[in-house]
Amino acid sequence: MSASRWVVSFAEADESQRYLLGGKGAGLAAMTQLGLPVPPGFIITTDACRAFYDSGGLVSEDVWSLVKEALARLEATTGKRLGDASDPLLLSVRSGGPVSMPGMMDTILDLGMNKDTVGGLAVLSGDEEFAWDAYRRFVQMYADVVLGVDSVALHAVTRVNESEGGSTLDARDAVASLLEIVDRKSRQPIPHDPREQLRHSVTAVFKSWMNRRAVDYRKAEGIPDDLYTAVNVQAMVFGNTGGSSGTGVVFTRDPTSGEPALWGEYLPNAQGEDIVAGLRTPLPVSALAEQQPDVFAQLEAAARLVERYNKDMQDMEFTVEDGKLWMLQTRRGKRAGRSAVRCAVDMANEGLISREEAVARVAPSELDELLHPVVEPRPTDTVFVTGLAASPGGASGIVALTADDAERLAEAGHDVVLVRDETSPDDFHGMVVSKAMVTARGGMTSHAAVVARGMGMCCVVGCRDLAIDDGAETITSPVGEIRAGDAVTVDGTTGRVYLGTVPTIEAKQDEYFDKFLGIASEMGGLSVWANADTPQDARVALAFGAEGIGLCRTEHMFFQPGRIEAVRAMIMASDDASRADALSTIEPFQTEDFAEIFTAMDGLPVTIRLLDPPLHEFLPNRIDTFESINRLQRELEDPLTVDRLEAETELETLRLLLARTDRLAEVNPMLGHRGARLGVTYPEITRMQARAIFTAAVQCAERGVAVLPEVMVPLVAYLSEFQDQKRIIVDTATEVFERYGVTVEYRIGSMIELPRAALIAGEIAAECDFISFGTNDLTQTTLGLSRDDSSRFLPGYLSRGLVGTDPFVVLDIEGVGRLVSMATTASRESNPEIKVGVCGEHGGDPTSVAFFASLGLDYVSCSPFRVPIARLATARAAIQGSID
């Protein structure tokens, strides 16, 4: 490692070497070289920090020699000497990693103060109290950061008054009290020699890279541990020397809204840590414009210059010392999603950045903030339980433990959070009126998760530490117990459930949201379609810019009240006549819904998946049926209180229902009698659905609606299964067209959601117009991993690093991705005209979308509320593809 890379001055540093200089050092170097007023100083680089850890935690003599040389040059530049009793140089020693980690590492200010220099500073400033206050600040910081003295005891000595910035204790007395605490609680005194102070302070800042809060922050933010921190040593300037001094933080644009105007705070007669400590209430930065307009004008000019130089919104720290402006830091300003979007649009329109850069600037998570309410927890808010963040957003409401209770409470005007062990279609009437859902079991593609994402409702699933007692109407977690009717807040973005009502910021899309997505669309890339099961879903998807419907799950159309009974009757039918009767009830629903969806998507393709109901989601609840039988048997024991004939008839019906339920029950329903297998066994189901699709298409075409129906056969394992279902679809289409005298163009395709289907995709594709990867089930069947049960153990795999990501959230590229790649290649070899897409929830995940784009797929399809995220992801993938 070259020693020349260990220490460098602000004036000589190459600010492009951010990973060497750290973000703070790079910013100081850039501002210095732009000619802005920056207190002089030097950077002890991240390479020196790496050498520190490599040597077992020691600042080597080689590094220290370079520090002393840089210090000598700094003394020559300032005309002051460190430790000079008559004209002392005071230093700030600040951390600065390559990636911003605000507040996570340590700082020491006013370094160089001792019993000798305090007198010289008092004479120079003409303010003895100011000099002793600087000494007090240094002792307090050094004792905390370097010596590890209890910070509570140190801060108890000097409680700063909010009004004037003075202290309840004379600064000289405060220093004496602090030094007494150090003598009692530390094995080491504070060195008198400022150079020893500097050496120990540099060591402490290096060590702060591995302190608990820094390590936890890096883990949460995905920042590598091996980047290390630089140390910035800089001449002190003072904002607490009187009324014409002060300190502040300013953003070059509003970090909340993105409005192009200075936004920030200013605290007169104060040092920077006074703002951070929050002991005094700062003023809006506009106060500086009123008090010192010339200084404010200089600040505005500096902000414009640095923003244009960095081509991004900046977060800048400054100090005003006796009417002179000093710039202390600049870094990329952290911003809310709304601000990120507006900044990107405005900067592109201003010519500051390219339109490609504007798209790259906005992270999918930032765009997501504009689509869902955001929970804003306070320090006092308590997390009751944590699960999987299944559907983003935030909502508060009172707990309901059953769908019926949720419906009743919603009708009474309450906001409701439905909490269940797991959900099923029977719960839909309660789900649809709730503001949020929480389940103890289930994964990212469980029933609750899929329905919630489709409805744009926040949802947390797989809360393993949750125990629900329906009888006692209680819910317990390691935190405590709550009851039905208590208030909770659900954060579907983080997976946290809070006790009580926590503030949320409502979602709102504005003109900049639309403009940004317009820019994203210019980048090209994959088409984005939507998974939409109802006409309302279709309208929402269209409003968000979907270019078609890639998955209409026909069984989800029956979640609405009054329909599930008909589907259940079809499933429970014991003979062809009963099944035909149930189908005749279902067909008008289907025809009507298909017609509405075709109308909403006028001119755009609509892919309709044939019935694929996992039977366990639609069968009557066995426990409920058994309890009803027991209730009727008890009632029949008292013939005076019941109509015996009516009760016996109902009892016999329930017994038959229970027997039929037991016969249909499957050990593994997700791999059971569903999809193409259902249509092969009961061709009348496929025939009814095809008739409903083509009848709706013809009716719409007659009204002038441009209809593009695509019929998709699910869960195909054998080519013969697909051929069997295709024949029924083609025959039914012909019958409908002949009956109406109208022909509509249509396509027939297959879902690829089983490994065998992926392996023979070339054979299937030869018979298809399109294939669509159902990556939810393909993930389950490839990994042998239940999406509903894996939440019990998969978090442990993630925390131990056995897997990098949840495969139901981010596609398993090495395994499932390889099948997708093989199947795509084989399909296009056998059928060059075939259209290939994805209709699993991975179609809305940015990482997965980038992989699909690399394979050259035609489209991805995702939940309506994830369409904007997918549009951004496809645009970013297209930009990356053009670079590669």
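Author: Let's start with a definition: helices (H or I, at least four residues) and strands (E, at least two) are DSSP runs, numbered from the N terminus. The model here is predicted, so local features need pLDDT of at least 70 and side-chain atom pairs count only at pLDDT 80 or more, while totals for chains, interfaces and linings use all residues. Residues are numbered from 1 along each chain as its sequence is written, and side-chain values use heavy atoms, with hydrogens and water left out.

Reader: Thanks! How many helices and strands are there in the protein?

Author: The protein has 35 helices and 31 strands. Its C-alpha trace spans about 105 × 70 × 55 Å along the principal axes.

Reader: How do I read the packing of two helices, and at what angle do H5 and H8 pack?

Author: Two packed helices are described by the angle between their axes and the distance between the axes. Axes are lines fitted to C-alpha atoms, for helices over the stretch in contact, and angles run from 0 to 180 degrees between N-to-C directions. Here, H5 (residues 128-145) and H8 (residues 194-208) pack at about 50°, their axes 10 Å apart. H5 and H8 are therefore oblique to each other; angles under 35 degrees count as roughly parallel, over 145 as roughly antiparallel, 65 to 115 as roughly perpendicular and the rest as oblique.

Reader: Which residues of H5 meet H8?

Author: Contact means heavy atoms within 4.5 Å. Phe 138, Tyr 142 and Val 145 of H5 meet Glu 196, Gln 197, His 200, Ser 201 and Ala 204 of H8.

Reader: Now the backbone: what is the phi of Lys 311?

Author: Most residues other than glycine have a negative phi, and most peptide bonds are trans. Lys 311 has a positive phi of about 55°, although it is not a glycine. Lys 311 sits in the loop between helix H12 (293-310) and strand S9 (314-321). Glu 473 also has a positive phi of about 55°, and its place is the loop between strands S18 (467-469) and S19 (474-477).

Reader: Is Thr 380 buried or exposed?

Author: Buried means under 20% relative accessible area, exposed over 50%, and partly exposed in between (1.4 Å probe, protein chains only). Thr 380 is exposed, at 67%, and lies in the loop between strands S11 (374-375) and S12 (383-386). Lys 311 is partly exposed, with 41%, and Glu 473 is partly exposed too, with 36%. Across the protein, buried residues make up 55% of the 884 residues.
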